[in-house]
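Please view the sequence and the structure together.

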Amino acid sequence: MATVKGWAIRASATTAIAYVLDLKHDLEKTTGGYLTHSSDPRSGPPEFASETWKRWREDRISQTGQDPKIQAYHFIQSFEPGTVVPEQVFDISKQWADEITQGKYPYVLAVHTDKKHLHAHIVVHPFEKGTGKMWDIFWRNDLGKFRAVSDRICKENGLTVIQPKSKARTYNEWLEDAGDGQQTRIRKLIDYVAPRVTTYEQFKEVFARMNIRIEDGTLPAEANEHLSAFSFTANRVLFGPEKVVGCYSIRMPRTQNYIQIPKECIRWIYHDQVAAITLPIEQEFQTLRFEKDGSIVKGTVGIKEIQEHFQENNYQKRTRQGLRMKLPYGRRFLKTQYIRSDVIGGECSLENVKKRIEENQETDPEMLDFLQTDDLEKIENGRKAIYKNADVKFAKWHRDPWQDRDWYLSYIRDRAETSWQMIEWERAMRKEMKSRPGLMESKEKLQKEIKTVSDLIEQLEKKVAKMEVDLIEHTEGTEPEFVERYIKENLDPLIQTRNHLIQEMGYINKSLMDLDRFEKYEKRKAERKEVVR
């Protein structure tokens, strides 16, 4: 049995050959170089092949002016433990390498015996002998052909062939692990919830408690009664010359009247080509009308007249009709009318959902408890029960919706904590900035003190050196005890003082470096604000 794998070498063919021949460990893996081989006599012994290949490559570059990225090809042919001896591996691998290279491409072969499974390494030169043409290997197709050649040679030598295990899976097998898609989840939830409620409002409330957003194109009758502002959008082409400071002149569609709207009521969207305008209900606005003779007629207009103008010219806000749902953390709303079901009408459209709800006589007790409870734990358990009873399957590698929600809340909490720490750091650093002059003054004083102490230490060290010379020359009046006592009483205290001053200097330098870093941070922050503006 033998398996084959291979890849292209783009780093260094010399390193690959050195590893294959085990030159770094004195040919230990190759049993002293017993089973190594170089296919091209021009390369000399295998250990000299890298130098020859390097010279060939340099010649080719000088001739063509091109340096291909591929330095060599590396193949490994491995055998099952206990089925072959090293000499057999050498013969089989050499026969296999000769056949796949067809004698056109030089190679170096070495059998490694350091593992239980004997295996052969083959490093192939990528350029054809004589022509210099590159060997283009298409691994997806060619590696299968190389393995087929290896299997045939193994059979000819009395070895069995390893049947590779297929890693491919059918689409249905993959779906089992991938879980239900968004449409399938919505269909299962609708099929489970619709027969268990008696009103459409209960149906919407159940999905709201499951963090599933619903849009059905309908608004309550009282929706516009208590609004404090009127909103609409205007294209940039409707904007006229700025006649009043702090206001934009916006032409009413199909008229020549320009309304003066304060800039704070306008928010630009869609790459500053469309403006979202929000006007207070109780406020009146000045209007300007430019006549042909150059005169300007001024007037005022209220929100009621603006609303009536929009309604008369069919500029009413349009809403999407039909039932649409968006799952927790889903990217978009899905139209339920395109979701197939096995119940009435064969689809989950708004009309069919309402028809199914009207057929119910009473609300399911468990569903009623889920709707009436305010206990967060019971709501959480109710969500899990609905997903479980509806047989909604989630992907094995995905979190459940409630886990996604908990993860998102943790993310928001951590981000808020980080922002708070950043604000606290900025506040502390701004306070420290006030102490910068004092730190600079303290640094100058410490530098002077350290220099003074260092000069004294230098003088004392010279004096101690002279005393030690006198001690060596046996000068009268100089004793070892006297020298040691002098050093202990005079030199050592000064050295300790200098070390303490240097430590204090380190603290001041660190504080100044932090302040410099904060100044750079503030500068970059101001530059980003300018770019945004």
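## Charges over rings

A charge is said to sit over a ring if NZ of Lys or CZ of Arg is within 6 Å of the ring centre and within 35 degrees of the ring normal. The model discussed here is predicted. In this model Lys 263 lies over the face of Tyr 248, at 5.4 Å from the centre of the ring. Lys 354 likewise has its charged end over the ring of Tyr 200, 5.0 Å from the centre.

## Nonpolar cores

The largest nonpolar core contains 33 residues, and those touching the most other members are Tyr 73, Phe 75, Phe 79, Trp 96, Ile 122, Val 124 and Phe 146. At least two residues of this core come from each of strand 1 (2–9), strand 3 (72–79), helix 3 (86–101), strand 4 (107–112), strand 5 (119–124) and helix 4 (139–156). Helix 3 gives the largest share, six residues.

Another core, of 32 residues, lies apart from this one, and its members include Ile 190, Val 206, Phe 207 and Leu 371.

## Aromatic pairs

The whole structure holds 16 aromatic pairs. One of them joins Tyr 73 and Trp 139: the ring centres are 6.0 Å apart and the planes stand at 70 degrees, so the pair is edge-to-face. Because Tyr 73 lies in strand 3 and Trp 139 in helix 4, this pair ties together parts that are 66 residues apart in sequence. Tyr 73 counts as buried at 2% relative accessibility, whereas Trp 139 is partly exposed at 25%. Tyr 73 and Trp 139 also belong to an aromatic cluster with Phe 75, Trp 96, Tyr 105, Trp 135 and Phe 146.

The rings of Phe 239 and Trp 268 are described as tilted, because their centres are 5.0 Å apart and their planes are at 35 degrees. Phe 239 is in strand 8 (residues 239–240) and Trp 268 in strand 11 (residues 266–269), so parts 29 residues apart in sequence are tied together by the pair. Phe 239 is buried, with a relative accessible area of 17%, while Trp 268, at 23%, is partly exposed.

## Salt bridges

Side chains of opposite charge can pair when their charged atoms come close. The count for this model is 24 salt bridges. Lys 188 and Asp 180 form one with an N to O distance of 2.9 Å, and both residues are buried. Glu 215 and Arg 324 form another, with the closest N and O atoms 2.1 Å apart. Since Glu 215 lies in strand 6 (residues 213–215) and Arg 324 in strand 15 (residues 324–326), the pair ties together parts that are 109 residues apart in sequence. Glu 215 is partly exposed at 30% relative accessibility; Arg 324 is buried at 8%.

A salt bridge of 3.3 Å, N to O, links Arg 383 and Glu 380. These two residues are three apart in helix 11 (residues 376–389), which means that about one helical turn separates them. Arg 383 is buried, with a relative accessible area of 11%, and Glu 380 is buried at 13%. Elsewhere, a network of salt bridges links Glu 426, Arg 430, Glu 522 and Lys 525.

## Positive phi angles

Asp 22, a residue other than glycine, has a positive phi near 60 degrees. Asp 22 is placed in the loop between helix 1 (13–21) and strand 2 (36–38), and is buried, with a relative accessible area of 3%.

Arg 254 is not a glycine either, yet has a positive phi of about 65 degrees. The loop between strand 9 (247–251) and strand 10 (257–262) holds Arg 254, which counts as exposed at 65% relative accessibility.

Key:
Residues are numbered from 1 along each chain as its sequence is written. This is a predicted model: local features need pLDDT of at least 70, side-chain atom pairs count only at pLDDT 80 or more; totals for chains, interfaces and linings use all residues. Side-chain values use heavy atoms; hydrogens and water are left out. Helices (H or I, at least four residues) and strands (E, at least two) are DSSP runs, numbered from the N terminus. Buried means under 20% relative accessible area, exposed over 50%, partly exposed in between (1.4 Å probe, protein chains only). A salt bridge is a side-chain nitrogen of Lys or Arg within 4 Å of a carboxyl oxygen of Asp or Glu. A nonpolar core is a set of buried Ala, Val, Leu, Ile, Met, Phe, Trp, Tyr and Cys residues joined through side-chain atoms within 4.5 Å. Rings of Phe, Tyr and Trp (its six-membered ring) pair if their centres lie within 6.5 Å; planes under 30 degrees apart count as stacked, over 60 as edge-to-face and the rest as tilted.
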